[in-house]
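Colleague: I would like to learn how to read a few features of a protein model, taking each general idea before its case. Could we go through them in turn?

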Amino acid sequence: MIKRMRKPSFFLIGAPKCGTTSLYNWLSAHPNIFMPQKEIHWFNQDHGGGCVNSLQEYEKLFGKATRQHIAVGDASVWYLYSHAAVKNIILYNTDAKFIVLIRNPVDMAVSLHGQLYYMAQENIRDFESAWRMQDERVKFANIPSVCEDPAFLQYGKACLLGAQIARLYSTADKERVLVLLLDDFKKDPRTEYLKVLQFISVPDDGRIDFRIYNEAKIMRSFIFSLYIAKIAQLKQFLRIKSGIGVLRILEGINRRKLIRNPLEPELRKELNGYFKSDISKLSSLINRDLSCWLRE
């Protein structure tokens with residue numbers, strides 16, 4: 001008997017550093033949900049960094065989904081930022097549902113910079129210096145050799161969540177989009193988790209453990225981290241899909257928890273000014289007062 005191919009029915013499309021890793025881990029542990037590895041990035045073909053090279057490879061990742069899996073999901077956080085991903089997803093599955101997590105874009109920008117620096121895709125340690133380098137990087141100046149896509153280093157554009165949600169709503173039916181705030185997950189993760197389960201029509205599994213994943217971290221050695229990134233890049237180029245976990249071990253050795261200092265008041269004021277109109281747009285789109293995000 002030929003096994004019927006399961007297409008993903010929902011897509012956790014972003015945004016980066018907004019709690020998506022935690023939600024992915026909670027959902028993928030649900031007995032009625034199947035999710036393969038995170039960050040497949042097949043549909044955002046206007047960006048780099050995807051881990052598959054064909055639709056056949058993409059669909060193969062979902063081959064272990066069974067009848068017990070009511071919902072099948074793809075979690076790739078750059079889909080929201082992409083101009084192509086949502087359109088491509090709808091062409092692939094007209095019934096697709098979209099889940100979006102968002103947060104204060106100022107905090108998101110700082111956190112995104114820290115994550116990319118940790119991964120050696122960013123080579124400027126100081127956030128303010130990286131923020132001021134954006135115009136130069138549009139011209140492809142000072143781009144790290146292992147950076148998957150220079151567009152990821154455009155912290156301002158990457159965190160314009162209002163513009164991205166507006167584009168999403170212009171492409172997908174609002175009824176098929178669930179937008180959640182990281183602030184709400186921090187206050188009451190179970191209530192927000194249940195909203196997600198209801199949205200994708202999956203029963204409650206009784207989860208009460210809401211461990212946080214992918215907290216802010218920093219490498220002990222940037223050079224060591226760069227070597228790890230280059231090895232991972234070579235592995236992807238050679239299309240090596242699995243290994244013995246050496247890279248994960250090395251990364252663990254090089255990692256320590258980051259205690260981030262607050263932004264200087266003048267820099268936060270500047271970023272608040274940059275994101276002010278976009279936050280206002282986002283507030284209108286999701287019918288939520290987000291003015292607290294602009295407090296200095």
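Predicted model: local features only at pLDDT ≥ 70, side-chain atom pairs only at ≥ 80, totals over all residues.

Modeller: We can begin with the terms, since helices (at least four residues) and strands (at least two) are DSSP runs, numbered from the N terminus.

Colleague: What is the phi of histidine 41?

Modeller: Phi of histidine 41 is near 55°, which is a positive value in a residue other than glycine. Another backbone detail concerns alanine 15, which lies in the loop between strand E1 (10-14) and H1, and which is joined to glycine 14 by a cis peptide bond with omega at about 0°.

Colleague: How should I read the packing of helix H1 against helix H10, and at what angle do they pack?

Modeller: One reads the angle together with the axis separation: H1 (residues 20-28) and H10 (residues 189-199) pack at about 65°, their axes being 12 Å apart, and the crossing is right-handed. On the H1 side the contact is made by Leu23, Trp26 and Leu27, which meet Pro189, Tyr193, Val196 and Leu197 of H10. Sorted by class, that contact has seven nonpolar residues, with no polar and no charged ones.

Colleague: Which helix gives the most to the lining of the largest cavity?

Modeller: Helix H8 gives the most, with four residues, while H3 (85-92) and H8 (161-171) each supply at least two residues of the lining. Among the lining residues are Tyr79, His83, Lys87, Gln164 and Arg167, and by class the lining has four nonpolar, four polar and two charged residues.

Colleague: What about charged pairs, and how many salt bridges does the structure hold?

Modeller: Side chains of opposite charge can pair when their charged atoms come close. The structure holds nine salt bridges, one of them between the side chains of aspartate 184 and arginine 288, at 2.9 Å from N to O. Because aspartate 184 lies in helix H9 (residues 182-187) and arginine 288 in the segment after helix H13 (265-286), this pair ties together parts that are 104 residues apart in sequence.

Colleague: Where is the place of methionine 133?

Modeller: Methionine 133 is in the loop between helix H5 (127-132) and helix H6 (134-138). Leaving aside residues up to four places away in sequence, methionine 133 touches Ile124 and Asn142. From methionine 133 to glutamine 154 the separation is 21 residues in sequence and 8.9 Å in space, C-alpha to C-alpha.

Methods: Residues numbered from 1 in each chain as written. Heavy atoms only, no water. Axes fitted to C-alpha atoms, helices over the stretch in contact; angles between N-to-C directions. Left-handed = near helix turned anticlockwise from the far one by under 90°. Contact = heavy atoms within 4.5 Å. Nonpolar A, V, L, I, M, F, W, Y, C, P; charged D, E, K, R; others polar. 1 Å grid on protein atoms, 1.4 Å probe; cavity = no way out; pocket = protein on both sides within 12 Å on 5 of 7 lines; lining within 4 Å. Salt bridge = Lys/Arg side-chain N within 4 Å of Asp/Glu carboxyl O.
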